[in-house]
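Visitor: I am new to this structure. Please take a close look at a single part and tell me how it meets its surroundings.

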Amino acid sequence: MQYDTIVIGAGIAGMLAAIGRAKAGERVLVIAKGHAATHWTTGCIDLLDVGAGDPLAGIAALIAAQPDHPYALTGIHAIESGLARLQEICEDGGYPLVGSPQQNLLLPTAAGALRPTCLVPVTMAAGDARQLARKGSGEPPLLVAGFRELRDFFPPMIAANLQIQGFNAEGVYLTLPPLAHAADFSTTGFARLFEQVAFRTDVGRSLRKLVVEGGYQRIALPAVLGIHQAPQIVAELQSICGALIFEIPTPPPSVAGIRIYHLLEHAFREAGGRIQLGAYVQRGEAHGNHLEAVFSEAAAREQRHRASRFILATGGIVGGGLRAIDAHHLIETALRLPLRTPASRADWFFPDFLAQPGHPIFRSGVAVDAQLRPLDAKNQVVYTNVVVVGASIAGCDHIREGAYEGVAVATGWVAGGM
Amino acid sequence: MQTISTDVLVIGGGATGSGVLRDLAMRGMRAILVEKGDLTHGTTGRYHGLLHSGGRYVTKDPQSANECARENAILRRIMPHCIEDTSGFFVITPWDDPDYGDLFMANCRKTGVPVGELPLAEMHRRERVLNPQISRAFEVADAAADSFLAAHTNVLAAREYGAQVFTYHTLIALLRVGDQVVGAVVEDLRTGERKQIDSACVLNATGAWAGKVAALAGVKVTVLPGKGTLVAMNHRMVNTVINRCKMPADGDIIVPVHSVAVIGTTDTFVPDPDFYGIEAEEVQFMLDEGEKLIPGFKQYRALRAWAGVRPLYKDQDVANDRDLSRTYKLLDHAQRDGVEGIISLVGGKWTTYRLMAEDAANLIAQRLGNTQPCRTAEEVMPAPPFERRDTGNHADGPSLHWLGKPLAAIEQTQAYNDLICECELVTRSRLQTAMASGASNLDDLRRMVRVGMGPCQGGWCIYRSSALLYEEHSANADFSIEYANAALLHFLQERWRGLTPVLWGDQLRQARLDELIFAGLLGIHRLRDHARQGGGLVTPE
């Protein structure tokens, strides 16, 4: 089958681009090796780490200072438009994203640190640090509640770290309802449990007891409150226990991140798109600077996929779009596009793991022009019908700059609207 | 300042120091051991974990070979829980001199190293991944040893006999009155408090650091620190120790250790045992050498690289570092330098630690007028509490360290949800036992129960472990979360040092995922201002 557009990669950038194209009436196929980094991330939309400041203002300054930064290529308008589209998709899926691109929020992490982010699911909004009880304010403490069986959420640690940062917080483990015996206690296992009315009612009653005894007005829970109906589950728990509830994202698999993927997938299918997971694109076939087809590894054979346009959304090193084949060479895995990388391995890493602004190797990627087309070392367009989006693009440490979702949204919107 | 009095002060908590401590205590001498880090913090905890058959030394160092062969049999008997009887092969690859085989056999016989030629079909039946071009194979009594567990075991046994151990105590000064060393001042790195330890005799068992320690007593000891780099691979691709049958060189041994295989080693002179780096080229070289033994070796994932600094004692001028004797030297500074009350024990290797300890304890006993004989070769030592776990019968199944055993135990008790470290199958209760045994940071826990040693290098379990460390201590109202934060940051940084030389392919991807989790999702770096050392934990630079 001949597609108008084939998108390689099923993360936020690729899916947003795919939705844009499909809504414009194109025949669109998304092929991906598997699930994307959505399943590992917070489910919040980070634009830029400017603390509790104005990320758009920070981006304007960044664009002026770094003309090769992906944000400089897309411009502010693409960021705002992309965010609006993503908000619309989530709103339609009954899972609103709240917040403003002009004001970062600080939300507690599963370690009890405060993390700046921009748009957040409605289920996390009550975690905004400005609303949390401070020590000496006389307000009742925040109650951080979890389950001992969930190995990726530790209320005592979270509460203690919030305390040391000046907040009033307490941590508690809830007793698991008896009906949950012999379950899979991963984050996704808990999410499935919370989708059972009996389970969440029981948890709600345990919380009610604590609220009555301790006078708590706000409770933090791990972000495992269902995959498909989280806002309703939060509302239900709130009405049972009588306190505000918010979720804190957990380490992977991140249920909050999975929700974003489901919403994007749903919107894409609604727009008539097709998704094929389990297809690992490892080469392309070109005629001059026109890419004719890509080939994916499938069950013991290669599959040829033809399209007029290709959108490369395979991610960076963590997503698998970039790979170091040995100690010195990084490649782009799908099409072997030229990469911009540090000159030598000696420049790949800093001695300090958490060094600011992040290790130079992770700024590697494909150099692109203003239309996001891949460029070679001489700044010539490699393929005129290929667009690169998301973390595959050079010039940005998406994780350490706090721009992972923002760059995905902005580039995905550009690629979807062209 | 607190003052403690003892007969013997042992400096250094490696294999040698902990071995001497046990020997002294068993003979009824009062003994104290001080170590600036955790037990085996120095070279002992950074070697490949090989209990030598002696085969490696039969040609170049026959005395060492013979010592290894005798001690090998003793250690298997006195601390069986520290040793996995893997057996060992010496194999001749196309890159090795085919004539060395006969010489090797002859020299094994001369030096008392048990050896037998193995039919190639039998070798390939037992280790299918070995290079089909191997032309001869010999079997010897090599084994895999857990050096950390062994040091703990010796220390536990020594404590039973009344010895005292101060880990995370750094040596500030050796006290000298005239020509006599009379003790030392040490500082507790956890509290900053100092202790004076008066002793009739000081034993310097600090390996590559022996020169630095001796200098504090005004005595010159020249130790050549030889850096040996090792790489852990993510598969136990062989269950037997594999040696190249040739004169000892770099990257010619593969040791199956617990759930991984370790390839080593290099030998590079470093000016200072405290400052050295590991280059990606060294790792690459070893992977290339591994390829000669196991085709496809380079395709396995390298998990981590580290280096130990060998304590090679220089008593003569020799051209090549590797030609220095692997056998050890007991330096009686009274005779050698006219300084009483201090003895240095340098050189040697892990396999012969007990023999070295016996010699040192003999000399000390003689000086102190103690006439008790050495009994360390007879008495079997019990395992420390954190190692006592239900892994079935030792004789049942491939080995004690075979992961199938803890897995079977976990399956039997349905303890999946209790797994804190999935890579190494470490359960919550085992971790808590180790914490209660006096772990001072997460790196100590790693050595104790292998939490964070698997493919993800702590990516999933270290956040959990630091939270549990906090919970373990939080009953104490003075215990601040800042101490647990410091422990977490310390672990991540230590791990990064070992990871950077092997970061490419999947391991680079893993490192980036870990950065996503720790910096992106958890925001650990935002807690840097809320991290400090204390609460009985120590997080050295």
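Guide: A polar contact is a pair of N or O atoms within 3.5 Å; within protein, one must be able to donate a hydrogen and the other to accept it, and residues adjacent in sequence count only if both atoms are side-chain atoms. This is a predicted model, where local features need pLDDT of at least 70 and side-chain atom pairs count only at pLDDT 80 or more, while totals for chains, interfaces and linings use all residues. Residues are numbered from 1 along each chain as its sequence is written, chains are lettered from A and ligands numbered from 1 in the order in which they are written, and side-chain values use heavy atoms, with hydrogens and water left out.

The part is domain 3 of chain B, residues 385-530, with bounds from an automatic or database domain assignment. On the domain 2 side, His258(B), Arg301(B) and Arg304(B) supply 38% of the area buried against domain 3, more than any other three residues. Seven residue pairs are in polar contact across this interface, both at pLDDT 80 or more. The rule finds zero salt bridges there, a salt bridge being a side-chain nitrogen of Lys or Arg within 4 Å of a carboxyl oxygen of Asp or Glu.

Within chain B, helix α12 (residues 442-449) and helix α14 (residues 481-499) have axes that come within 8 Å and cross at roughly 65°. Axes are lines fitted to C-alpha atoms, for helices over the stretch in contact, and angles run from 0 to 180 degrees between N-to-C directions. Helices (H or I, at least four residues) and strands (E, at least two) are DSSP runs, numbered from the N terminus. Leu442(B), Asp443(B) and Arg446(B) in α12(B) meet residues of α14(B), including Phe491(B) and Glu494(B).

Chain B also meets chain A: 53 residues of chain B are in contact with 59 residues of chain A. The rule finds seven salt bridges across that interface. In one salt bridge, the side chains of Arg151(A) and Glu422(B) meet at 3.2 Å, N to O.

Conventions. Contact = heavy atoms within 4.5 Å. Buried area = accessible area lost by both parts, 1.4 Å probe.
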